[in-house]
Amino acid sequence: MRIFYHPILGKLEEKRKITLEVDGKKIAAYEGEPIAAALLAAGIRVLRMSPKREEPRGVFCAIGRCTDCVMIVDGQPNVRTCVTPARDGMKIQTQKGLGKWAKKL
Ligand code: FES
């Protein structure tokens, strides 16, 4: 669900439609919106699994402070999706645990 008109902020600005790949599935998004907003609009609520208890986590603060929304974005773990703008073709994965960094050769 998206809010296209807000009583205080007004009408949602028109932006270019793009596609994100989330765990191998393509979803629609608007360029520049937070990745987490696109995921929520697509009905995706679980963004990571906690390291110790492997419990699902989703958006909590939505301002880049709590790290509950971290995911693997284009191979980079621990990206705060609530404050990271969406770009066309991004590959996003649900993060399990602390995330592993790719080895550089
Ligand atoms: S939801 Fe808290 S950092 Fe993204």
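1. Two residues are in contact if their C-beta atoms, placed from the backbone, lie within 7 Å. Among contacts in the chain between residues at least 6 apart in sequence, 39% join residues at least 24 apart. Please keep in mind that this is a predicted model, in which local features need pLDDT of at least 70, side-chain atom pairs count only at pLDDT 80 or more, and totals for chains, interfaces and linings use all residues. Residue numbers start from 1 along each chain as its sequence is written.

2. On the overall layout, the chain has one helix and ten strands, where helices (H or I, at least four residues) and strands (E, at least two) are DSSP runs numbered from the N terminus. Their order along the sequence is β-β-β-β-α-β-β-β-β-β-β. The radius of gyration is 14 Å, close to the 13 Å that the globule rule gives for 105 residues, so the chain is as compact as a globular protein of that length. That radius is taken over C-alpha atoms, and the rule is 2.2 Å times the number of residues to the power 0.38. The C-alpha trace spans about 45 × 30 × 20 Å along its principal axes.

3. How much of the chain is buried? Buried residues account for 21% of the 105 residues. A residue is buried if 20 or more other C-beta atoms lie within 10 Å of its own, exposed if 12 or fewer, and partly exposed in between, with C-beta atoms placed from the backbone.

4. The largest nonpolar core has 17 residues, and L20, I35 and I92 touch the most other members. Such a core is a set of buried Ala, Val, Leu, Ile, Met, Phe, Trp, Tyr and Cys residues joined through C-beta atoms within 7 Å. At least two residues of this core come from each of β3 (17-22), α1 (35-41) and β7 (70-73). Leaving aside residues up to four places away in sequence, I92 touches L20, E21, V22, I35, M71, I72 and V73.

5. I would look closely at β7. V70 and I72 point one way from this strand and M71 and V73 the other way, yet all are buried. Three bridges join β7 to β8, and the two run antiparallel, with V70 opposite R80 in β8. On β9 (residues 91-93), I92 is the residue opposite V73; here two bridges make the antiparallel link to β7. Strands count as paired if DSSP finds at least two bridges between them.

6. The β7-β8 hairpin has two residues between its strands, and D74 in the turn has a positive phi of about 50°. D74 counts as exposed because it has 12 C-beta neighbours inside 10 Å. E54, in the loop between β5 and β6, also deserves a glance: its phi is positive, about 55°, although it is not a glycine. Most residues other than glycine have a negative phi.

7. A separate open sheet of three strands has the order β6-β5-β10, with mixed pairing. β6 (56-57) and β10 (95-96) stand at the edges with a single partner strand each, so one side of each is left without a neighbour in the sheet. M49 stands opposite P56 in β6.

8. Finally, D23 sits in the loop between β3 and β4 (25-30). Its C-alpha atom is 4.9 Å from that of Q93, 70 residues apart along the chain. D23 touches Q93 and T94, not counting residues up to four places away in sequence.
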